[in-house]
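Here is a short report to read alongside the sequence and the coordinates.

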Amino acid sequence: MQKWWARIAASSAATPFGVIVMQSVVWVGMSAVWISWSLSDPDPLRLLLAVLSPLLAFYWVVALLVGIQRRRAARADRDRGALG
């Protein structure tokens, strides 16, 4: 699990924070849509999307958490530099 965090952190380093936020919101929402649609009218495509979209949502939410940590660390470094 630690390797996943490191890989996601490395791959999201070049992605703008706004894109990460947008993708997180979109994939969490799409997961809810595809899961509810696959429960109401199951077919192979909807079931596949109901399985894949939560995986993408997980990836983007982890990338969001890493991005938030980076922004806080950068802000703390900037604040320390301004005070010192």
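The sections below go through confidence, helices, core, selected residues and salt bridges.

## Confidence in the model

Please keep in mind that this is a predicted model. The protein has an average pLDDT of 87, and 94% of its residues score at least 70. Among the elements, helix α2 has the highest mean pLDDT, at 92, while α1 has the lowest, at 73.

## Helices and the UniProt record

Helix α2 covers residues 17-40. With 24 residues, α2 reaches 35 Å from its first C-alpha to its last, close to the 34 Å expected at 1.5 Å a residue. Helix α3 takes in residues 44-83, and α1 takes in residues 2-12.

UniProt, in an unreviewed entry, lists residues 12-35 and 47-68 under "transmembrane region". How much helix does the model give residues 12-35? That span is 83% helix and 0% strand, and its end C-alpha atoms are 26 Å apart. Residues 47-68 are 100% helix and 0% strand, with 32 Å between the end C-alpha atoms.

## The nonpolar core

Which residues make up the largest nonpolar core? There are eight in all: Ile-8, Ala-9, Ile-20, Trp-60, Val-62, Ala-63, Leu-64 and Val-66. The elements that contribute two or more residues to this core are α1 and α3. Helix α3 has the largest share, with five residues.

## Buried positions along α2

The buried residues of α2 are Ile-20, Ser-24, Ser-31, Trp-34 and Ser-38. Ile-20 is also a member of the largest nonpolar core.

Is Ser-31 buried or exposed? Ser-31 counts as buried because its relative accessibility is 7%, and the cut-off for buried is under 20%. Leaving aside neighbours within four places in sequence, Ser-31 is in contact with Ser-53, Pro-54 and Ala-57. Ser-38, also placed in helix α2, has a relative accessible area of 6%, so it is buried too. Not counting residues up to four places away in sequence, Ser-38 touches Arg-46, Leu-47 and Ala-50.

## Two positions with more accessible area

Val-26 sits in helix α2 and counts as partly exposed because its relative accessibility is 38%. The C-alpha atoms of Val-26 and Pro-16 are separated by 16 Å, with the two residues 10 apart along the chain.

Leu-45 belongs to helix α3. Why does Leu-45 count as exposed? Its relative accessibility is 54%, and the exposed class begins over 50%. Leu-45 and Pro-16 lie 29 residues apart in sequence and 31 Å apart in space, C-alpha to C-alpha.

## Salt bridges

How many salt bridges does the count come to? The total is three. Asp-41, Asp-43 and Arg-46 are linked in a network of them. Within it, Asp-41 pairs with Arg-46, their closest N and O atoms being 3.3 Å apart, and Asp-43 pairs with Arg-46 at 3.9 Å between the closest N and O atoms.

The remaining pair is Asp-77 with Arg-80, where the closest N and O atoms are 3.0 Å apart. Both residues lie in helix α3, three residues apart, which is about one turn of the helix. Asp-77 is partly exposed, with a relative accessible area of 48%, whereas Arg-80 is exposed at 54%.

Key:
Residues numbered from 1 in each chain as written. Predicted model: local features only at pLDDT ≥ 70, side-chain atom pairs only at ≥ 80, totals over all residues. Heavy atoms only, no water. Helix = DSSP H or I, 4+ residues; strand = E, 2+ residues; numbered from the N terminus. Buried < 20%, exposed > 50% of the residue type's maximum accessible area, 1.4 Å probe, protein only. Contact = heavy atoms within 4.5 Å. UniProt positions renumbered as here; feature names shortened; annotations may be inferred. Core = buried A, V, L, I, M, F, W, Y, C linked by side-chain atoms within 4.5 Å. Expected span 1.5 Å × (residues − 1). Salt bridge = Lys/Arg side-chain N within 4 Å of Asp/Glu carboxyl O. pLDDT = per-residue confidence, 0-100.
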